[in-house]
Structures are given as C-alpha cells and as structure tokens.
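Here is a short briefing on salt bridges. Look at the sequence and the structure, then read on.

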Amino acid sequence: FWGTMDAGSGNGNSGWTPTSPLVPEPPQPNSKLRGYAFWESIGSPKLVAAPMVDQSELAFRMLCRRYGTDLCYTPMFHSRLFSTSAKYRKDQWSTCDGDRPLFVQFCGDDPDTLLAAAQQLPANAFDAVDLNLGCPQGIARRGHYGAFLLSERDLLERIVRHLDTHLTVPVTVKMRLVNTDCLQDTISLASALEAAGASVMCLHGRTKEMKGQNTGPCNWDAIAAIKKRVGIPLIANGGIETYKDALRCMEATGCDAVMSSEALLETPSLFAEACGKSKVFQEDLAMEYLELARLHQAGPKCIKAHLFHSLYAGLQLHTDLRSQLGCAKGIEEISSVAAALQQRRANDRASHKQWPDSGWYRRYRKPLGERKKRKAEESVDEAVEHQKTSSCDKVLQACQGLPEVTTLQVQPPQLECQS
C-alpha cells in the first residue's frame with residue numbers, strides 16, 4: 001500500500017513519496033470541512049471503535065465494521081517514530097477499500113513532530129487526524145503524552161492549532177476528565193481545544209487514575225455537561241458493555257456517538273443488533289477474525305492477543321487449550337487451537353453445559369475459572385486475617401478496660417564510700 005498510493009489523488013496509479021518532515025506544508029485554506037459539516041460528510045456515525053495500541057489494526061477494524069461499527073480509529077501511533085522511521089510506518093499503518101471513515105491517532109507533545117507524522121500518511125486514505133490525550137498508562141507519563149498532558153492547556157492549544165492550520169483534514173481530540181474535583185477544569189479545556197480548531201472531540205468519563213482494577217464507574221453526567229458546552233460533535237467513551245448500554249449512554253449524555261474499547265475488543269459483534277444481525281458465538285467470531293488476519297497480514301503477536309481477549313471465557317474452561325494458544329507460533333498453529341476450542345464449545349452447548357460465552361470485560365469484577373478460584377481463596381484469606389485482626393482488637397480493647405497496674409521501681413542499695 002505504501003508504495004502504490006499517489007499523494008495527490010489517492011488513486012493508486014503512481015508512486016507515492018511521503019512529505020519530508022523538514023518541509024512543512026503551507027497553511028491550509030479555511031475551506032476544509034469542520035465540526036458538524038465534517039461529521040455529516042462522513043455519515044454522522046453513531047457507533048465507534050476506539051483506538052487501541054496494537055489491537056485496532058486493519059483486520060480487527062474490518063471485523064467490527066462487518067457487525068455495525070460506523071467509525072474506526074487506528075491504533076495509537078508514536079509521532080516521533082512515525083515521522084522518522086519507514087519501517088515503523090510499514091509495520092504499523094495499513095488500510096484498504098471499505099476501511100472508512102477512519103481517524104488516525106497520534107501521541108506526542110511537540111507540534112512540529114505531530115505535524116510531520118501526519119504528513120507521512122497517504123492522501124485520501126483517511127478522514128481525520130486525532131490527538132491522543134487519553135492514555136493513562138505509565139509509559140505515557142514517562143513519554144510525556146496522552147492524559148498526562150491534560151494539565152498543560154497552552155501546549156495542547158498550540159498543538160491543535162498547528163495541526164488544524166497545516167493539515168488538509170480535520171483535527172480531532174480524544175481526552176479524559178481532567179480530574180474529579182472540578183468539572184470546570186474539563187469544560188475549560190474542552191472549550192479551549194474547540195476554539196483552537198478541534199472539529200470532533202471524544203471524552204472518556206474517567207480520569208487517568210481510573211484504570212485497571214481501579215477503573216470505577218464512568219461519569220456520564222460529566223460527559224453530558226461537556227456536551228452542553230461545546231459546539232462540535234462529541235463522542236462518549238466509557239461504561240459501554242452492551243449495545244443497550246450504547247443506546248442508554250446516547251440518551252443520558254445527548255452525545256452524537258458512543259465509543260467502545262474493551263467490550264468491543266472482546267466482542268467485535270457488540271453492535272450487531274444495529275445492523276440487523278444476530279448474536280455470534282465468540283469462537284465463530286474468532287474464526288472470522290483469523291480469515292481477515294490472513295487477508296490483511298496481521299502479525300502473530302497481534303492475532304494471539306485478540307484471541308486471548310475474544311476467547312477468554314472458553315479458555316478459562318478448557319485451560320489446556322489456553323496453554324496451547326500461549327505456545328502457538330504462527331497463524332496456522334493459532335488457528336488450529338481456535339478450531340479445537342470452537343469444536344469443544346459446540347460440544348459443551350450440545351450437552352447443555354452451563355458456561356458463559358464471554359467474560360473478559362468483567363475479568364476484574366467477576367473472574368472466571370482459575371481466576372475466580374484464586375479470587376475466592378484471596379477473599380477467604382482476607383476474611384481470616386480480618387477475623388484475626390478483629391480478635392486482637394477485642395483483646396486490646398478488653399485490656400484497656402482493666403485498672404492500671406503500678407510498677408514498683410526497686411532501687412539498689414546505696415553503699416557508703418570508705419576511705
């Protein structure tokens with residue numbers, strides 16, 4: 001794809017050479033579509049697949065689109081690497097006919113580097129450039145990007161304004177709540193980024209501290225408040241486990257669209273009902289993904305990660321296949337394990353064996369299989385320790401009620417000094 005796309009027309013009829021990072025494009029005219037005009041031009045999407053590092057690659061995006069997803073984001077790309085490394089671009093970037101609308105997401109903290117990265121993309125192969133202000137991981141803190149830039153309003157305004165000025169496509173932003181103490185801080189930042197040139201905004205209703213086992217509930221009320229204050233399309237992100245959740249979120253927040261990440265990562269057919277399709281078993285989805293992975297040449301590491309997500313429930317039951325998947329090398333070995341699990345789960349259902357079809361999304365709250373057993377054992381240990389502590393506390397409290405005992409100090413006899 002990189003060697004055939006024409007930069008001017010995007011028709012693939014001539015060779016394509018990326019723009020040099022050292023030669024910035026001139027400022028773009030104000031004729032490009034922005035805000036709701038742009039949103040309508042891409043079909044006013046309602047259901048969105050989130051950007052996920054090494055996971056929202058082309059094969060996965062196409063599977064999501066097959067089952068009702070309207071808009072997809074690429075994985076997050078590192079702007080410095082994308083702007084300077086041809087190998088990184090070749091490994092990370094890919095698209096095809098039908099992979100639209102598509103937003104390309106970059107992370108970084110330097111306006112020129114982010115612009116240079118966006119300029120490496122083939123013309124007419126995507127719809128917008130997105131700035132990552134949502135990543136809460138430690139690597140983002142060390143790299144000074146993602147949600148760790150939310151407190152640097154002046155820098156973010158410069159970045160968005162610089163990109164909007166020089167790119168021919170709209171600039172969008174994906175961010176989190178700035179904090180839980182003062183919603184006005186998030187409102188002010190969102191308004192400032194809109195004024196700087198952001199055409200679409202996605203808001204995750206959690207702070208950067210709310211992740212992993214400390215995720216907690218998503219604040220849809222905060223998202224609704226931001227929606228009332230901005231004049232551009234707003235995508236709500238967070239707390240979407242089912243298609244019904246997506247509908248409830250749009251109603252509760254008034255947002256223009258809803259984005260899913262982890263639930264969609266486990267179940268790419270999450271939005272199937274929106275396009276009139278029925279439920280698909282996780283094993284069948286995995287086999288569909290493997291076909292697309294072959295077609296679009298996804299890497300084994302990426303493929304294996306997807307299967308551990310989508311087949312989580314089945315692998316917690318058939319743990320021998322989980323071990324085999326972990327050791328599998330190459331797509332053929334991975335496919336063999338997936339096919340074996342597909343057959344076993346079909347047998348489970350035929351014999352009326354009760355076992356959930358999914359569960360990775362709730363892995364911290366309601367783990368399955370060995371994780372459930374370990375969590376139960378940990379709960380028992382905690383209860384025993386709590387009982388011991390409570391018993392000790394009761395003894396101490398009882399002792400505190402006893403009268404104070406005076407300790408007699410025995411003084412040694414004083415001897416007279418004889419001369």
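Buried means under 20% relative accessible area, exposed means over 50%, and partly exposed lies in between (1.4 Å probe, protein chains only). This is a predicted model: local features need pLDDT of at least 70, side-chain atom pairs count only at pLDDT 80 or more, and totals for chains, interfaces and linings use all residues. Residues are numbered from 1 along each chain as its sequence is written, and side-chain values use heavy atoms, with hydrogens and water left out.

**Counting the bridges**
- A salt bridge is a side-chain nitrogen of Lys or Arg within 4 Å of a carboxyl oxygen of Asp or Glu.
- By this rule, the count is 20 salt bridges.

**Around Asp-99**
- Arg-61 and Asp-99 form a salt bridge, at 2.7 Å from N to O.
- Arg-61 sits in helix H2 (residues 58-66), while Asp-99 sits in the loop between helix H4 (86-92) and strand E3 (102-107). The two are 38 residues apart.
- Helices (H or I, at least four residues) and strands (E, at least two) are DSSP runs, numbered from the N terminus.
- Arg-61 and Asp-99 are both buried.
- Asp-99 has a relative accessible area of 0%.
- Arg-65 also bridges to Asp-99, with the closest N and O atoms 3.0 Å apart.
- Arg-65 is buried too, because its relative accessibility is 14%.

**Sequence neighbours**
- Glu-209 and Lys-208 pair in a salt bridge at 3.1 Å, N to O.
- Glu-209 is partly exposed at 48%, and Lys-208 is partly exposed at 22%.

**A network**
- Salt bridges link Lys-279, Glu-283, Arg-345, Asp-348, Arg-349 and Asp-357 in a network.
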